[in-house]
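Please consult the sequence and the model shown below while reading.

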Amino acid sequence: MHDRWHAAVFFSPQGGMKYLADEDFPHASYKVLVAAGFDIQHVGMLYAGQKDIDIVRIAQENDRTLLTFDSDYGTLAFKDGVWPKCGIIYFRMHNYTPEEPATRFLSILQADPNLEWADRVTVISRESLRVRRLANNDE
């Protein structure tokens, strides 16, 4: 077993949470999360070449939180009012190793396993975690 994955395998993912990794989410990080027991799909494997708006629709229809490096989803959410209700997790990282987004995500969940993603854009960097709630017209 890959040493960097060892901690991930013993982590218990959030019960019932489902994720959709965007095409730009590293496949190695996707594999780390799969090995850790996450219910996760990868856009590149199932929906390659789809437009961002279609990925939002797919995430919404499948109750999946979107994991992405694409800031265009923030534009869709904040300017156009379009986002998957399960939320968007935007990784703002540069010069990262292929597994680093997953290990950062796992460390955040280990620190606070009750984080809420729904109707939020969460920005994850190496140094910080920022959560911004989106206006929900259903409330």
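Lys85 lies over the face of Trp83, at 4.0 Å from the ring centre; a charge counts as sitting over a ring if NZ of Lys or CZ of Arg is within 6 Å of the ring centre and within 35 degrees of the ring normal. Arg132 is placed over the face of Phe78, also at 4.0 Å from the ring centre. The model is predicted: local features need pLDDT of at least 70, side-chain atom pairs count only at pLDDT 80 or more, and totals for chains, interfaces and linings use all residues. Residues are numbered from 1 along each chain as its sequence is written, and side-chain values use heavy atoms, with hydrogens and water left out.

- Strands and helices are DSSP runs numbered from the N terminus, with E and at least two residues for strands, and H or I and at least four residues for helices.
- Strands of a sheet pair through backbone hydrogen bonds, either parallel or antiparallel.
- Strands β4 (residues 88-91) and β5 (residues 120-124) run parallel and are joined by 4 bridges.
- Ile89 stands opposite Thr122 in β5.

**A helix across the sheet**

**Aromatic rings**

- Rings of Phe, Tyr and Trp (its six-membered ring) pair if their centres lie within 6.5 Å, and planes under 30 degrees apart count as stacked, over 60 as edge-to-face and the rest as tilted.
- The count comes to 9 aromatic pairs.
- The ring centres of Phe38 and Phe105 are 6.1 Å apart and their planes stand at 45 degrees, so the pair is tilted.
- Because Phe38 lies in the loop between α2 and β2 and Phe105 in helix α6 (residues 100-111), the pair ties together parts that are 67 residues apart in sequence.
- Both Phe38 and Phe105 are buried, meaning under 20% relative accessible area, as against exposed over 50% and partly exposed in between (1.4 Å probe, protein chains only).
- One aromatic cluster is formed by Tyr19, Phe25, Phe38, Phe69, Phe91, Tyr96, Phe105 and Trp117.

Technical notes:
Two strands pair if DSSP finds at least two bridges between them.
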